[in-house]
Amino acid sequence: LQAPDVLAMADTAVDDDRRANKEFAKKRAKRMESKVFDNLQDCSWPQVFEEFRSNVVTFGTGFLKGPYTKTVKQATWKGGQRVVVERTIPICSAPSPDDIFPAPWSKGVQDGYMIERILTYRPALNACRKLEYYQRKEIEELLKDSPAARSPVNLTQYGDFQRSMMEDKGNAMSDDRVECWEFHGSLPGFLLEGWGIQNIDPAEDYEMVVLWSRNHILKVMPAWNDVGTRGYFKAVFKPVVGSFWGIGVPNMMSAAQDRACSVMTQLLQNTAWAGGPVVWLYANRLQRPEDALSIHGGKVIPFIQDDMSPTTAAPMGFFDIADKTEKLNALYQQCLTDADNESGVPAYMYGANQQNASGAVRTFSGLSTLMNAAARGVKDALMNMDQALGDFISNWADWLNQYSADATIKGDVKVISTGATGLFIQEMQMDRMTQMLDRVKDPNVM
């Protein structure tokens, strides 16, 4: 063999090895993807994602939380019979922004501590007694003093009553849930020593998860992820520089909605006043003052003539209020248009008001250009959601690498979320196809 032959054989061997490693990694990544998908189906992922998306659009900020474990009872088939078994499974949730309390100085979920308000029930607390790091005696003491056994929990947080009404849960200011608070952040070692944590440095800070209710410490658990990633992932509809919270569609269009409400109030008042004649009369010349409260056709209203200063002027009359509903309605429609534009979803985006449209909206290419420009805010929101989803699934895969008993799925996995990217690619394809069709219309090209 010559030296070039040996080098060629070495390059071929290296390429084969890389190809084999790549195929091996693809198989493991596919197994990991399937495992994550199965876990998400166990915790009703479609419902969780819908809540997450709704919170992003409505409140301006949405959260995904997970994975964390939960003990559930499931029916299975064993030995030819149906049996019910208890399983500890990873689950996720979409906490309401009303229940999330970040550190005042934080800009993101990883900057400072996070506290979540959790309203749970007795069966859920009972199931937690068997899990690691939960304080069994503390949970039992809390259950003895639980709302279901004694007085109900009071909904004392700001906005609880309004939130209950908006969620169609009635106007009750209390219920039988148990109010808990969960802390995610760093705590000093000397504080953890008082909770029975062993083998720690009193001067060191440790990432911990602490759950408490009233004066009961229910759980003190070290954060499983030693790289400092909290189990919360945030997406915003429209970011605010330096702020933890984003702006949602209702806030973006609130000014236009206030204007529309004011104009509609004036429109209804004008309609009521202009709907019929307005009566004027001299009250001191009425024989029966109550006659002025009910006037209808054919009614006789007696008046009194003053003998000391007789007058021939009419004792009553009628006049009309000018009808300005057309101008007010035009102003109201303009307020609605402003609200659409401020929200980032103009009317032509969903096919409304096309019959009265003018200008670029009347042409296909003009409408396409306007839609692409108007959808910029929605695209940014989708990108933010994709980033949160990618981090969320990456954290889930990392959790499976740490705790899953299936060694065939474990490996160095990087998650890339392609939801918004796929949308952009589709729009680019449509634009290119439109340009191609316009060029084909040229007689020379034909």
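Tryptophan 273 counts as exposed, with a relative accessibility of 53%. The structure described here is a predicted model. Tryptophan 273 belongs to helix H8, which covers residues 254-274. Together with Trp280, Tyr282, Phe319 and Ile321, Trp273 makes a nonpolar surface patch of about 510 Å². Serine 254 also lies in helix H8. Serine 254 is partly exposed, its relative accessible area being 29%. Along the chain, serine 254 and alanine 339 are 85 residues apart, while their C-alpha atoms are separated by 7.6 Å.

Aromatic rings were examined next. A pair of aromatic rings is described by two quantities, the distance of the centres and the angle of the planes. A search of the whole structure gives 14 aromatic pairs. In one of these, phenylalanine 49 and phenylalanine 52 have ring centres 6.1 Å apart and planes at 50°, so the pair is tilted. Planes under 30 degrees apart would count as stacked and planes over 60 as edge-to-face. Both residues are in helix H2 (residues 45-59), where a spacing of 3 residues separates phenylalanine 49 from phenylalanine 52 by about one helical turn. An α-helix has 3.6 residues a turn, so residues three or four places apart point the same way. Phenylalanine 49 counts as partly exposed at 22% relative accessibility, whereas phenylalanine 52 counts as buried at 0%.

Tryptophan 399 is buried, with a relative accessible area of 12%. Tyrosine 403 has a relative accessible area of 44% and is partly exposed.

Ring pairs also join residues into a cluster, whose members are Trp45, Phe49, Phe52, Phe233, Phe392 and Trp396.

The charged end of lysine 65 sits over the ring of tyrosine 68, at 4.8 Å from the ring centre. In another case, the charged end of lysine 234 sits over the ring of phenylalanine 244, and the distance to the ring centre is 4.3 Å.

The structure holds 16 salt bridges. One of them links arginine 53 and glutamate 50, whose closest N and O atoms are 2.3 Å apart. Arginine 53 and glutamate 50 lie 3 residues apart in helix H2, a separation of about one helical turn. Arginine 53 counts as partly exposed at 38% relative accessibility, and glutamate 50 counts as partly exposed at 39%.

A salt bridge between arginine 117 and glutamate 179 has its closest N and O atoms 2.8 Å apart. Arginine 117 is in strand S4 (residues 114-120) and glutamate 179 is in strand S7 (residues 178-188), so this pair ties together parts that are 62 residues apart in sequence. Both arginine 117 and glutamate 179 are buried. Glutamate 167 forms a salt bridge with arginine 163, and here the closest N and O atoms are 3.2 Å apart. Glutamate 167 is partly exposed, with a relative accessible area of 36%. Salt bridges that share partners also join Lys65, Glu116, Glu182 and Lys219 into one network. Lys65 of this network is the lysine whose charged end sits over the ring of tyrosine 68.

Helix H4 shows how buried and exposed residues are arranged around a helix axis. In this helix, which runs over residues 136-144, Ile139, Leu142 and Leu143 are buried. Seen down the axis of H4, the buried residues fall within an arc of 100°, so they line one face of the helix. The face turned away from the buried side of H4 carries Lys137 and Lys144, which are exposed.

Methods: Residues are numbered from 1 along each chain as its sequence is written. This is a predicted model: local features need pLDDT of at least 70, side-chain atom pairs count only at pLDDT 80 or more; totals for chains, interfaces and linings use all residues. Side-chain values use heavy atoms; hydrogens and water are left out. Rings of Phe, Tyr and Trp (its six-membered ring) pair if their centres lie within 6.5 Å; planes under 30 degrees apart count as stacked, over 60 as edge-to-face and the rest as tilted. Helices (H or I, at least four residues) and strands (E, at least two) are DSSP runs, numbered from the N terminus. Buried means under 20% relative accessible area, exposed over 50%, partly exposed in between (1.4 Å probe, protein chains only). A charge sits over a ring if NZ of Lys or CZ of Arg is within 6 Å of the ring centre and within 35 degrees of the ring normal. Patches are made of residues with over 30% relative accessible area and no salt bridge: like charges are joined within 9 Å, nonpolar side chains (Val, Leu, Ile, Met, Phe, Trp, Tyr) within 5 Å. Accessible areas come from the Shrake-Rupley method with a 1.4 Å probe; for residues, only the protein chains shown count as cover. A salt bridge is a side-chain nitrogen of Lys or Arg within 4 Å of a carboxyl oxygen of Asp or Glu. The arc is that of the directions from the helix axis to the C-beta atoms.
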